[in-house]
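Open the model in your viewer and keep the selection tool handy. We will go from stop to stop, and at each one I will tell you what to pick and what you will find there.

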Amino acid sequence: MDGHSPVVDWRKHLEGDVMSKSVLFVAMLVLVAPAAYAQQQSQQRDPLGDMLRRHADSVNRQGQNTERDFERGDHQAWLNSMANLAKLRAKLAEAWQGMGMSPQGAKVVADAYDPNLAQHIHHTSLRGKSDQEVAQLMQGALKEKRYLDANQLLIDYQRQKLRLGDTAAVKTAQ
């Protein structure tokens with residue numbers, strides 16, 4: 001014999017198996033422990049966390065509702081502006097008819113008015129101009145089919161008359 005007993009070899013082999021199984025078990029435990037701990041923590045009730053989540057959900061819902069309300073408000077404002085624009089154009093058509101234009105022509109000219117564009121065009125100063133001079137400016141714009149300009153001249157002319165009327169009324173009241 002070589003001095004090794006089969007029993008001793010078997011023990012060493014068994015100890016080696018137990019040792020490797022123990023190492024494997026410890027390694028598995030190290031890998032699985034964080035997941036088990038996380039699951040345990042998630043199963044425990046966290047009243048503060050739950051309250052914060054509910055509050056965040058509520059704030060999120062309020063934000064969505066506010067956004068929807070703004071969209072509805074914008075839509076309603078747009079609807080109102082379209083109704084006001086239709087009224088304004090109808091009044092412009094009446095004014096053009098009052099100046100001798102045919103109803104169809106007055107509608108074509110009045111329908112060309114766009115307040116958003118009118119804000120960005122050059123406004124001819126009517127200060128110091130006679131009614132005849134203003135009429136010539138309007139006729140020139142109509143001949144050149146610059147209907148937006150013609151409409152704006154008419155609006156500015158009417159505003160000036162109102163301001164002068166207010167000024168005259170104030171002077172006579174004094």
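Start by selecting aspartate 111, which is partly exposed at 35% relative accessibility; that label covers values between buried, under 20% relative accessible area, and exposed, over 50% (1.4 Å probe, protein chains only). This is a predicted model, in which local features need pLDDT of at least 70 and side-chain atom pairs count only at pLDDT 80 or more, while totals for chains, interfaces and linings use all residues. Residues are numbered from 1 along each chain as its sequence is written, and side-chain values use heavy atoms, with hydrogens and water left out.

Aspartate 111 forms a salt bridge with lysine 107, and their closest N and O atoms are 2.7 Å apart; the term stands for a side-chain nitrogen of Lys or Arg within 4 Å of a carboxyl oxygen of Asp or Glu. The two are separated by about one helical turn because they are 4 residues apart in helix 3; helices here are DSSP runs (H or I, at least four residues), numbered from the N terminus. Lysine 107 is partly exposed too, at 48% relative accessibility.

How many salt bridges does a search of the whole structure find? It finds 4. Glutamate 144 is exposed at 54% relative accessibility, whereas aspartate 149 is partly exposed with a relative accessible area of 21%.

While you are here, click on lysine 145, in the loop between helix 5 and helix 6. Its phi is positive, about 55°, although lysine 145 is not a glycine. At 61% relative accessibility, this lysine counts as exposed.

Next, step back along the chain to helix 5. The 13 residues of helix 5 should span 18 Å at 1.5 Å a residue, and its end C-alpha atoms are 18 Å apart, which agrees; the expected span is 1.5 Å times one less than the number of residues. Colour Val134, Met138, Ala141 and Leu142, which are buried in helix 5. They cover an arc of only 100° around the axis, so they sit on the same side of helix 5; the arc is taken from the directions from the helix axis to the C-beta atoms.

Which residues have the most contacts inside the largest nonpolar core? Select Leu92, Trp96, Tyr113 and Met138: they hold that place in a core of 19 residues. Such a core is a set of buried Ala, Val, Leu, Ile, Met, Phe, Trp, Tyr and Cys residues joined through side-chain atoms within 4.5 Å. Helix 6 gives the most to this core, with 6 residues.

For the last stops, stay in helix 6 and pick asparagine 151. Asparagine 151 is buried, with a relative accessible area of 0%. Its side chain makes a polar contact with the side chain of tryptophan 96 (2.8 Å); a polar contact is a pair of N or O atoms within 3.5 Å, where within protein one must be able to donate a hydrogen and the other to accept it, and residues adjacent in sequence count only if both atoms are side-chain atoms. Not counting residues up to four places away in sequence, asparagine 151 touches (heavy atoms within 4.5 Å) several residues, including Leu92, Val109 and Tyr113.
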